[in-house]
Amino acid sequence: MINQSADITIESVNWRRYFSFSTDHKVIGIQYIVTSFFFFLVGGLLAMIIRGELITPEANLVDRTVYNAMFTMHGTIMLFLWTFPVLVGLSNYLVPLMIGARDMAFPRLNAAAFWMVPVFGAIMMLSFLVPGGPAQSGWWSYPPVSLQNPTGNLITGQVLWVLAVALSGVSSIMGAVNFVTTIFRMRSPGMTFFRMPAFVWTVLAAQIIQLFGLPALTAGAVMLLFDLTIGTSFFDPAKGGDPVLFQHFFWFYSHPAVYVIILPVFGIFSELFPVYARKPLFGYKVVAISSIIITVLSGLVWVHHMFASGTPDWMRMLFMATTMLISVPTGIKVFAWVATIWGGKLTLNTAMLFALGGLVMFVFAGITGIMLAAVPIDIHVNNTYFVVGHFHYVVYGAVVMGIYAALYHWFPKMIGRMYSEGLGKLHFFLTFIGTNLTFFPMHPLGLQGMPRRVASYDSEFIFWNVLASIGAFLLGVSTVPFILNMIGSWSQGEKAPKNPWRAIGLEWLLSSPPSVENFEELPIVISTPYGYGGDHALVANSDRLEMSHE
């Protein structure tokens with residue numbers, strides 16, 4: 001597959017560099033991952049309190065305003081401080097290695113984009129300390145609810161929320177510029193577009209969405225901030241503003257944002273299934289092109305979130321069609337993964353189990369997503385737990401499972417040590433059972449008419465809510481073996497070889513972990529990826545090392 005100069009020695013890991021303003025893309029990647037996981041634990045704790053409240057029909061655990069604040073902060077933290085940053089971290093670490101680059105195109109911009117994450121994360125957390133507490137208008141913060149200010153203070157939880165979201169947008173735009181430039185301009189010799197790994201294709205597709213869609217949300221957040229602080233009237237209906245306009249700003253980006261987080265997970269599946277099935281990726285070029293098709297179509301679906309907002313009938317029909325159409329390139333990927341796995345010699349280690357579990361739950365989420373694309377069904381279950389169940393099967397069932405799969409798969413390369421398979425498999429089974437037990441009951445709840453965003457409910461819904469709450473507590477417990485595994489393996493795990501999984505890709509030719517600049521000499525790529533399903537060897541001649549089939 002590639003040519004490369006002589007072997008690279010393992011660099012000793014100095015933990016202090018992870019607290020520095022490093023410009024090494026690998027350090028920044030791990031900084032993103034660890035920082036976002038901290039916020040994942042915070043958001044998960046809030047979720048457990050929410051499910052603790054919902055285990056009984058009466059609102060008897062926390063005050064309703066506290067419940068609304070926790071509900072808002074849970075969604076915001078999980079999206080803006082967990083899923084986006086952790087996937088940016090994985091992409092930061094892997095993309096330069098996969099395309100044969102020594103670093104990202106703009107290393108200082110890369111570092112600055114990361115250090116904005118703890119800044120806007122701290123601003124978000126500070127909202128717990130201001131009078132009135134955090135924002136209480138949901139993670140979408142629709143006006144006019146988000147314009148209410150019962151405290152009369154200039155600095156409120158809602159103001160801090162909007163400021164943090166705007167800063168998040170700036171950080172992500174900076175990252176998108178860096179990723180797109182790196183992939184277009186920093187590929188090693190011979191690394192044509194159709195020799196790039198599938199993961200790189202999905203990162204490119206996701207970051208193009210960030211470049212074109214995120215400015216809309218960022219602009220909407222700034223306009224909402226002005227309404228809250230200096231008295232403008234962009235969205236305030238009492239002053240002639242249009243609150244539905246904010247919904248357009250918000251969803252023009254926030255539905256494509258689902259593809260921003262699911263596309264890299266598609267890339268993770270495309271990398272892992274060939275390795276652990278010992279088969280080439282089926283239909284590599286079609287899988288790669290389908291990522292770009294998803295990017296294009298993602299900008300034409302946002303109004304399906306607004307079917308109940310007085311949307312004209314012609315617009316409902318148009319966006320119902322485009323929402324259903326985007327399932328086609330997504331279905332192509334699912335077909336390719338199944339064809340890759342089918343008849344393969346499967347290795348069911350922790351990474352593969354998480355990838356398979358994520359695929360199963362994504363297929364279920366896709367089925368309910370097609371249901372929600374239909375106008376009559378969408379209006380019927382609008383603002384019910386059916387929508388919550390579908391959304392969480394995507395963002396937890398598929399995205400978080402995919403993230404875990406990637407962390408286990410590339411952990412030896414990142415850290416230079418092997419993890420415990422026993423703890424890893426325990427983590428998988430607790431997560432898989434907990435996810436289904438938490439989010440499947442939300443579908444019958446929604447079909448029966450239980451509204452979301454409520455702290456109390458009719459006693460007829462108690463059975464499914466108890467199951468969902470038990471599942472949520474199980475998900476909380478599931479993080480314990482993961483934390484023990486990562487910390488214990490990082491400090492005392494068995495040293496990892498270059499390529500413990502016998503995988504194919506530029507990153508697996510480097511030491512574990514790679515040295516600071518990755519490659520002493522830039523590799524020369526001489527074949528397409530996924531050309532081999534089994535072992536490989538390095539064959540040297542006078543000026544290159546070449547990966548070939550053994």
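These exercises work through a helix, a pocket and the salt bridges of a predicted model.

**Exercise 1. Helix α14**

Check the length of helix α14, then state which of its residues are buried and what they pack against.

*Solution.* 
- Step 1. Helix α14 covers residues 421–439, which is 19 residues.
- Step 2. Buried means under 20% relative accessible area. In α14 this applies to G424, H427, F428, L430, T431, G434, T435, T438 and F439.
- Step 3. The partners of these buried residues are α11 (350–373), α13 (385–415), α15 (442–447) and α16 (462–492).

**Exercise 2. The second largest pocket**

Describe the second largest pocket by volume, lining and residue class.

*Solution.* 
- Step 1. The volume of the second largest pocket is about 730 Å³.
- Step 2. Its lining counts 26 residues. Nearest the centre lie I30, I33, V34, T35 and W490.
- Step 3. Two or more lining residues come from each of α1 (25–53), α2 (64–99), α3 (107–126), α13 and α16.
- Step 4. Helix α1 gives the largest share, eight residues.
- Step 5. Sort the lining by class: 23 residues are nonpolar, three are polar and none is charged.

**Exercise 3. The salt bridges**

How many salt bridges does the structure hold, and which residues form them?

*Solution.* 
- Step 1. Side chains of opposite charge can pair when their charged atoms come close. The cut-off here is 4 Å between nitrogen and carboxyl oxygen.
- Step 2. The structure holds two salt bridges.
- Step 3. One joins D24 and K26, with the closest N and O atoms 3.0 Å apart.
- Step 4. D24 has 7% relative accessibility, so D24 counts as buried. K26 has 5%, so K26 is buried too.
- Step 5. The other joins R316 and D313, with the closest N and O atoms 3.7 Å apart.
- Step 6. Both R316 and D313 belong to helix α9 (residues 313–325). They are three residues apart, about one turn of the helix.
- Step 7. An α-helix has 3.6 residues a turn, so residues three or four places apart point the same way.
- Step 8. R316 is buried because its relative accessible area is 18%. D313, at 56%, is exposed.

Definitions and conventions
Residues are numbered from 1 along each chain as its sequence is written. This is a predicted model: local features need pLDDT of at least 70, side-chain atom pairs count only at pLDDT 80 or more; totals for chains, interfaces and linings use all residues. Side-chain values use heavy atoms; hydrogens and water are left out. Helices (H or I, at least four residues) and strands (E, at least two) are DSSP runs, numbered from the N terminus. The expected span of a helix is 1.5 Å times one less than its number of residues. Buried means under 20% relative accessible area, exposed over 50%, partly exposed in between (1.4 Å probe, protein chains only). Contact means heavy atoms within 4.5 Å. On a 1 Å grid over the protein atoms alone, a cavity is a set of points where a 1.4 Å probe fits but cannot get out, and a pocket is an open set with protein on both sides within 12 Å along at least five of seven lines; lining residues have an atom within 4 Å of a point. Grid points are joined across faces, edges and corners, and a volume is the space filled by probe spheres set on the points. Ala, Val, Leu, Ile, Met, Phe, Trp, Tyr, Cys and Pro count as nonpolar, Asp, Glu, Lys and Arg as charged, and the others, Gly among them, as polar. A salt bridge is a side-chain nitrogen of Lys or Arg within 4 Å of a carboxyl oxygen of Asp or Glu.
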